[in-house]
Structures are given as C-alpha cells and as structure tokens.
Amino acid sequence: MVAMNVIPGYTNTRSGVQVADKLISKNGEFLSEDAVFLRQMGIEWVMVEGPYGPADANRYKKIVAEVEAHDLKIFRLANGEYHNMDIITLNLEGRDQKLEEYLGYIRALGEAGVYYSTYAHMANGIWRSGETKKIRGGMNGEGLDLDSANARGHWGSEDYDTVLSHGREYSVEELWDNYEYFISRVARVAEESGVYIGIHPDDPPVLTLAGIPRHIFGTFDGYRKAIEMADSPNIGVCLCCGCWLQGGQDMGVDVYDAIRYFTDIDKLFKLHVRNVTNPMSEGAFAETYPNDGYGDVARIMDILFESGFDGAVINDHLAPMVGGKRVSAAFQTAYLLGLADAGYRRYFEE
C-alpha cells in the first residue's frame, strides 16, 4: 500500500491517479450488486451518497465497515443536507444553527475515518434547461440554454424562482462576507478532525442567476482569493472539469492551467470529469461523453500524472447511452481507467 499524498490518512494500492466511482445508498444502505459491479471494473475508491439527517459518527462507521466488506474504500461520504446550504451562503435565518450542524458533520466524518468532503457554495443550485443538443450517436444531451423557458436552478427536490430565487439581489461583497464567516470557523474544525474539504465550482459559473452572483467559485481569481482567505491546508478544490469548461475563457484560465496551479499549491483534492459540447459564451451547451466535446480528458489525465496528483477522479453527470445509466457509468469509468493505466505505466513503470 502507498500513502496518499493528496488526502493524508488514505492509502492507495498503487501510485498515481485513482479512478473512483459512486456507490448510491438509500437510507444508508446500498445494493451489494452495485458494489460487486464496481469491483469488477477494478474500482478501489467510492463516493457514497450517505444518509440524510443529523450527523452520526457511529452510523458512518457502520457504513465504512459495510463498504470495506466489499473490498472498497470510502473517499467521500456525502450528506445532501450539508453540501449546498443557501442558509449559509446567503446568511439567512438559522445560519449559525446550520453551521454548527455542518461542523458536527465534519467532526463525525473524521471520527469515522472519512477524511474528505465536498462542499458547494452556490445558493440557488445547479442550472439546467433539459435536453439542449444532439450529442454523439444521436442522443439528447442535457445542458443549459439560458434563453429557454425551462432554464432554472434546482437542488434536490427544490426548484428556484428564475427571477429572484431568494427574494432580492445579492452583492458579491455580501457573498464574500458570508464565505469568510463560514470558512473561518470551518477551517479550524477541519484541521482538528483531519478532514480535507474540496470546494466545488458553481454550476454554471461566472454568471449572476436569479439575483445570486457566481463569482467566488465561478472564476479562477475567485477561487484563488477564497483559498487564501481560508489559509488552511485542509481547504482546497474539488475541480469539476465540466463546470470549468462551461465557463471557458471567462474563468480567467483554462481547465488545464487551473489543474496545474491547484496541484502545484497542493490544493487539488478531487476531480470531477465531465465534458461539454462548448462553452456558454457560444450559447447553449450539452453534457457529453468524456472523449467527445471540446475538452481534452486525455490531456487532463496526463497533466494530473505529470503533477504528481494521487487523489480521486470520478465520472460526473453521466451522458445518456442505450442501455441506461449502468452502461453509461461503465463506459465513462472504463475510459478513465484506461487513461489511468496508461499514465501509471508511463510515469511509474518506465
């Protein structure tokens, strides 16, 4: 076993980039068949969609043990109640209570031996408008057309008002103040608990949508300032390639330079791999397959190996395929596994 550099406390079977996959649970339970499917593909690390409700270290420990019984290891144990919290992002009523709950979640993860968590600071969710473009093979790709009447933000079961999602317009300065309040308290607890938090980009980035600016985690400069403000080894980036590609040149740097920068400063903790047809500056986009679209996933994987990244990469927002989600998951994960095998041979066996 090899100690993982990106997330201290984790160990890998081999060096270099780790291809992970999702293990979806319902009320904290998952199908053994799903776990077997992942092991058959050669997956070692999984992202478990864990139970909702109050954080419970003992419950998390049971999930860890169950996953390990299937010869898998948990990289992330998610709780949707503490992932995208508009109460905190916008300083709404109940912020301090929600923040204390979130801190309890981080402490519980550390106690259960789960040392990574993803956090999003988006307020009014992920914006999509349904099927926007034909992608390879004639499938209808999900994406965003801002001119469509169907364009709206959603998170879980909630759809946000498309004019003012939270009743008024918010300034960038307000959001910075709210982030500083949040991260100054979270960083200390994350360090004490040994948990590393990767902050996910806005989806989509750059724009102001329904009164909420998406500039903090919607541009390279915003990310850089936010990481400096956190001033903690435990606060970094969950870089979603798809979001970055959606923003295109408006992000400030392209996705390849962003990966180089964040790995160079030891702040890239996890990578979501998703390709899109085109940046938003060219109009409506659709999510597509990793070896389709305008991003170069093979180049991304090579940069990760070159940079010494040994954390997890995972498929994201599966593009539709004949045969359904499992077929799409198998194809997209196998594509990443093939790139990882090639990278391992190049950087560790030659």
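The largest pocket in this predicted model holds about 1300 Å³ of space. Its lining is made up of 40 residues, and those closest to the pocket centre are Lys22, Ile24, Glu49, Asp316 and His317. Sorted by class, the lining has 17 nonpolar, 12 polar and 11 charged residues. Rolling a probe the size of a water molecule over the atoms shows where empty space is left.

**Aromatic rings**

The model has 24 aromatic pairs in total. One of them is formed by Tyr179 and Phe217. The centres of these two rings are 5.4 Å apart and their planes meet at 75°; planes over 60 degrees apart count as edge-to-face, so this pair is edge-to-face. Tyr179 belongs to helix α5 (residues 172-193), while Phe217 lies in the loop between β14 (212-213) and α6 (220-230). The two residues are 38 residues apart, and the pair links distant parts of the chain.

Are these two residues buried or exposed? Tyr179 has a relative accessible area of 0% and is buried, because buried means under 20%. Phe217, with a relative accessible area of 1%, is buried by the same rule.

A second pair joins Phe220 and Phe262. Their ring centres are 6.0 Å apart and their planes are at 50°, so the pair is tilted. This pair also links distant parts of the chain, as Phe220 is in helix α6 and Phe262 is in helix α8 (residues 255-264), 42 residues apart. Both Phe220 and Phe262 are buried.

Which residues do ring pairs link into a cluster together with Tyr179 and Phe217? The cluster also includes Trp176, Phe220, Tyr223, Trp244, Tyr261 and Phe262.

**Charges over rings**

**A strand hairpin**

Strand β8 (residues 130-134) pairs with strand β9 (residues 140-144). The pairing is antiparallel and runs over four bridges. Within it, Lys134 stands opposite Asn140 of β9. Five residues lie between the strands of this hairpin, and Gly137 has a positive phi near 85°.

**Backbone details in loops**

Where is there a cis peptide bond? One joins Asp203 and Pro204, with omega at about 0°. Pro204 is placed in the loop between β12 (196-200) and β13 (208-209).

Positive phi values also occur in residues other than glycine, Asn91 being one of them. The phi of Asn91 is near 55°, and the residue is found in the loop between α3 (86-89) and α4 (95-112).

Asp266 sits in the loop between α8 and β16 (268-273). Its relative accessible area is 61%, and since exposed means over 50%, Asp266 is exposed.

Note on methods: Residues numbered from 1 in each chain as written. Predicted model: local features only at pLDDT ≥ 70, side-chain atom pairs only at ≥ 80, totals over all residues. Heavy atoms only, no water. Pairing = 2+ DSSP bridges. 1 Å grid on protein atoms, 1.4 Å probe; cavity = no way out; pocket = protein on both sides within 12 Å on 5 of 7 lines; lining within 4 Å. Points joined across faces, edges and corners; volume = space filled by probe spheres on them. Nonpolar A, V, L, I, M, F, W, Y, C, P; charged D, E, K, R; others polar. Phe/Tyr/Trp six-rings, centres within 6.5 Å; stacked < 30°, edge-to-face > 60°. Buried < 20%, exposed > 50% of the residue type's maximum accessible area, 1.4 Å probe, protein only.
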